[in-house]
Amino acid sequence: MSTTATPTRPAATYRLSTTGILRSEWHKLRTLRSTWITLFTAAALVIAVGITMGVTYDGDDSEIDTVVFTLLGTQLSQICLAVLGILVTAGEYATGMIRASLTAVPRRLPVLWSKAAIFTAVAFAVSWTTNVVTFLTAQIWLSGTGKELSLTDDGVLGALTGSAAALTLLGLIALGLGALLRSVPGAIGAFVAGVLILPEVLEMLPFGAVESALRHFPVQAAGSLGSLTRVENTIAPGTALVTLTLWAAAIITTASLLLKRRDV
């Protein structure tokens, strides 16, 4: 008695694509409650401080740039975005989910780069939108004062965009630290100590070379962006943007090299 073999279908080939990895990272980011909490807090702080500055303005601080004046809350929101950047990378090591991510993408590097790309898009979009909303809202109370401006005035949109770019790049630096240290508390500590506090300590040293070097540190370079006028003792906005980009690129590149060499 003869039997006829049933033809079998070839196993489906699993293909990785850049789009698929990006979609996966976007899905992970938007489905985390911590993402929305940190983004909402970052935006709320900027808007709340901006409104407060507008409501309480009485003619003092007239020497402060109008955009800088209304966006003083970004000094607080940068910490929120830094925490989010760290959670994007180090958070997966804390939960153990990184094993599944790197098993699905054996080459590893596309995972980190996709995380950085998705974070950049989200952080910049939220920061830029928040800056514009804060500026327009504060102008309700600043109208008729020496700080009255509109979005169409020369340099305003550029300053608002520069501020958003600075916040995003500082967040990318934190993201890279999270990938390097693989610890949420460790990366937060490194960001606060190395990026925020260390320059303040070094600034007390009475050396001209140190003062010149400090202008190229991340937070100091970020201070050159987001203003209508050149801030005293800072580098030019274009140079500041390049400097911040190089800081972020250097840290993420280092994290990429270690990601290839270290065990999960």
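Analyst: Helices here are DSSP runs (H or I, at least four residues), numbered from the N terminus. This is a predicted model, where local features need pLDDT of at least 70, side-chain atom pairs count only at pLDDT 80 or more, and totals for chains, interfaces and linings use all residues. Residues are numbered from 1 along each chain as its sequence is written, and side-chain values use heavy atoms, with hydrogens and water left out.

User: OK, what span should helix 7 have, and how far apart are its end C-alpha atoms?

Analyst: Helix 7 covers residues 156-181, and its 26 residues should span 38 Å. The end C-alpha atoms are 38 Å apart, so the two values agree.

User: Switching topic: how many salt bridges does the structure hold?

Analyst: It holds 5. A salt bridge is a side-chain nitrogen of Lys or Arg within 4 Å of a carboxyl oxygen of Asp or Glu. One of them joins Glu-25 and Lys-28, at 2.9 Å from N to O.

User: Where do Glu-25 and Lys-28 sit relative to each other?

Analyst: They are 3 residues apart in helix 1 (residues 18-30), which means about one helical turn separates them. In general, an α-helix has 3.6 residues a turn, so residues three or four places apart point the same way.

User: What else does Lys-28 pair with?

Analyst: Lys-28 also forms a salt bridge with Glu-92, with the closest N and O atoms 2.8 Å apart. Lys-28 is in helix 1 and Glu-92 is in helix 4 (residues 74-95), so the pair ties together parts 64 residues apart in sequence.

User: And are those two buried or exposed?

Analyst: Both Lys-28 and Glu-92 are buried. Glu-92 makes another salt bridge, with Lys-115, where the closest N and O atoms are 2.3 Å apart. That pair links distant parts of the chain, since Lys-115 is in helix 6 (residues 109-142), 23 residues from Glu-92. Through shared partners, Glu-25, Lys-28, Glu-92 and Lys-115 join into one network.

User: Last one: why does Lys-115 count as buried?

Analyst: Because its relative accessibility is 4%.

Note on methods: Helix = DSSP H or I, 4+ residues; strand = E, 2+ residues; numbered from the N terminus. Expected span 1.5 Å × (residues − 1). Buried < 20%, exposed > 50% of the residue type's maximum accessible area, 1.4 Å probe, protein only.
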